[in-house]
Amino acid sequence: MELGVYSFGDVQRNGKKLGSTSEGITNLLEAMQIADKVGLDFFGVGEHHTSYFPASSPGTILAAAAATTKQIKLGSAVSVLSTDDPVRIYQQFATANIISGGRVEVIAGRGSSTESFPLFGYELKDYDALYTEKLDLLLQLNNLDKNERITWEGIHRAPLQDAQIVPQSDDPLKIWLATGGNPDSSIRAAALGLPIAYAVIGGRISRFAPLVDLYHAAAKQYGTESDALQVSIASPGYIADSAQDAKETFWKAWGWTMTELGKVRGFAAPDRAHYDAESNHDGALFAGSADEIADRIIELHKRIGHSRHIFQMDVGQLPHDKFLHSIELLGTVVAPKVRKALASGKK
Amino acid sequence: MVKNNLPRIGVIGAGRLGTALAKQSLSVGYEVRISNSRGPESLELLLSVLLPGAIAATIDETISKSDIVILAFPLRYYKSLTPQLFIGKIVIDAMNYWAPVEGDIAEFADATITSSEMVQQYLHDAHVIKTLNHIAYNEIEEHALPLQSKGYRAIGIAGDDRDAKLTAMAYVEALGFDGVDLGVLKNGALLQPDTRLFNARMSADSMKSQTAVRI
Ligand SMILES: NC(=O)c1ccc[n+]([C@@H]2O[C@H](COP(=O)([O-])OP(=O)(O)OC[C@H]3O[C@@H](n4cnc5c(N)ncnc54)[C@H](OP(=O)(O)O)[C@@H]3O)[C@@H](O)[C@H]2O)c1
């Protein structure tokens, strides 16, 4: 079981005001380096374009992390594929992958963030068509043989005529398909033989168990069963020395974020009862002590057999030192406990 | 087990909301048909794993063989439905015009009436009821409770036809929610995105007091 972190580059609070986006990026890079030092398996950077989530270009920061970390796998979480150019994504990630010595992955999703659509001149209503077409091109680029050229034509991007795309990664990049729970996405990932990354941002996490079943059933039907078919879970989470501290601290951080998001998207903000219900047991919010979070990961693993679980900790101006401490607890206390339990469970 | 005296449920759209509503309907004993734009074969695998017992159907069969037809697909495609098939049908419109998430659509952005009234105008021979649009799909199963339990969650219901509304009310309560009559279809405005009720977990009393002024 791989454990890790993902972040949108949360900006700190500076008194009553939001701090600078540049500080958000510096902090993010530091967090990636700490995650590497404490032995975590993965760090993902999720493309967002807001004053409080400024990680707009994952490929750039992944390259910086690639050069300054040793063992941790690095990826986007997610790249908003619909509004990006697959050629550019491939080039940036292949570059970072080379720098890192083969540790870089792409998690391709539609993204919950919609800001990139007007920013890059796309229309939200084309969301599905854009995603399908761009995923197709990205996968083709990733599967090219050494020095093979590509000829490709679609609707949403200029055609490629016998084009050479460089640099080429020595081995293909690992590309995951990200989904928030639409059943057709689980079928699509299986049909393409891709590992799947579920984002579970609310509700009961076990509701994804039937979708994982669907993913495996679809792989059987499409004849794509292989070791490449893996399941990753991404959920909000935060670990502190005491369960109570973790729950109180994360309520402020997560509650703020959901309230802001609610204002932009026009939905009612969650209240404390909602948070309490979802930050325990089967809930999607993994805020608690290291022991509690380890137990919950092990419990979930029994139900869905995921091979990776990553947590978004730094939301809503979570103080940076608390973020780093949470990463440390995940790497030094949660991870050993989970690994031990799963290793003994296999005997 | 399917109870024969219950209205037959037809769900159009087999995504997050459609499968959640189909699943909960099956679990409380309704006969359920479900469809998408790609035809019943495309749903076989999904049904066998997620919704055993549901019947994969074409959109037209879903309409003709059901008493309550639930619209659970992206609103922008509502005119792909065939209005002639809807004579006398009860239609639950669970669709939203949710611009920040799904994009601006001039037809709805410029409209002076609610999206459900537009659906009613198009499906002129149906009885359109606005409901089940303001709850997140996963909460359909997670928040459903036996009749009148503690913490029973309110679901608003708006519609012009009294009998159709009563049928929809009974269905919503059978699913496990406290139905709150919000009056005529145009009051569905109270349930749309960017309102206090959209995505809010509240009791019937709280919903009534929050909407009292408007009704
Ligand atoms: N997700 C929620 O929590 C939630 C809650 C309340 C209300 N809603 C509303 O429910 C609707 C569906 O949302 P969702 O989240 O379930 O979407 P979704 O997961 O994207 O699923 C949409 C479904 O509709 C089908 N579909 C698309 N075009 C269609 C057409 N012309 N005729 C019939 N079926 C069609 C799709 O399949 P094909 O493309 O293969 O046909 C798919 O099965 C939206 O209006 C949304 O605002 C959603």
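Strand S6, residues 127–131, is joined to strand S7 of chain B by 3 bridges, and the two run antiparallel. One residue pair to find on screen: B:Thr131 in that region stands opposite B:Ile157 in S7(B). A caution before I go on: this is a predicted model.

Stay with S7 of chain B. B:Ala154, B:Gly156 and B:Ala158 point one way. B:Ile155, B:Ile157 and B:Gly159 point the other way. All of these are buried.

Now the other neighbour. S7(B) pairs with S8(B) in the parallel sense, over 4 bridges. Here B:Ala154 stands opposite B:Asp178 in S8(B). How does the chain get from S7(B) to S8(B)? It crosses through helix H8 of chain B, residues 162–175. This β-α-β crossover is right-handed.

Chain B has 8 strands in an open sheet, in the order S3-S2-S1-S4-S5-S6-S7-S8. The pairing is mixed. Which strands stand at the edges? Strand S3, 55–56, and strand S8, 178–181, of chain B do. Each has a single partner strand, so one side of each is left without a neighbour in the sheet.

In S5(B), the bridge partner of B:Leu71 is B:Asp93. Helix H1 of chain B, residues 16–27, packs on the sheet. H1(B) touches strand S1 (9–12), strand S2 (32–35) and S4 of chain B. The direction of H1(B) makes about 170° with that of S2(B).

Next slide: the interface. 28 residues of chain A are in contact with 27 residues of chain B. The area buried between the two chains is about 2,200 Å². Carbon and sulfur atoms give 57% of that. Which residues of chain A lose the most area to chain B? They are A:Arg204, A:Arg265 and A:Ala268, together 19% of what that side buries.

Then the charges. Between chain A and chain B the count is 3 salt bridges. One to look at joins the side chains of B:Glu142 and A:Arg207, at 3.7 Å, N to O.

Last, two loop residues in chain A. A:Thr224 lies in the loop between helix H7 (209–222) and strand S12 (231–240) of chain A. Is A:Thr224 buried or exposed? Its relative accessibility is 18%, so A:Thr224 counts as buried, the cut-off being under 20%. Beyond its neighbours within four places in sequence, A:Thr224 is in contact with A:Ala190, A:Ala191, A:Gly193, A:Ala219 and A:Leu229.

A:Val38 lies in the loop between helix H1 (21–37) and strand S4 (42–45) of chain A. At 17% relative accessibility, A:Val38 counts as buried. Setting aside neighbours within four places in sequence, its contacts are A:Ile327, A:Glu328, A:Gly331 and A:Thr332. A:Gln12 is 26 residues away from A:Val38 along the chain, and their C-alpha atoms are separated by 23 Å.

Terms used:
Residues are numbered from 1 along each chain as its sequence is written. Chains are lettered from A and ligands numbered from 1 in the order in which they are written. This is a predicted model: local features need pLDDT of at least 70, side-chain atom pairs count only at pLDDT 80 or more; totals for chains, interfaces and linings use all residues. Side-chain values use heavy atoms; hydrogens and water are left out. Two strands pair if DSSP finds at least two bridges between them. Contact means heavy atoms within 4.5 Å. Axes are lines fitted to C-alpha atoms, for helices over the stretch in contact, and angles run from 0 to 180 degrees between N-to-C directions. Buried means under 20% relative accessible area, exposed over 50%, partly exposed in between (1.4 Å probe, protein chains only). A crossover is right-handed if, with the strands pointing away from the viewer, the path from the first strand over the helix to the second runs clockwise. Buried area is the accessible area (1.4 Å probe) that two parts lose on being put together, summed over both. A salt bridge is a side-chain nitrogen of Lys or Arg within 4 Å of a carboxyl oxygen of Asp or Glu.
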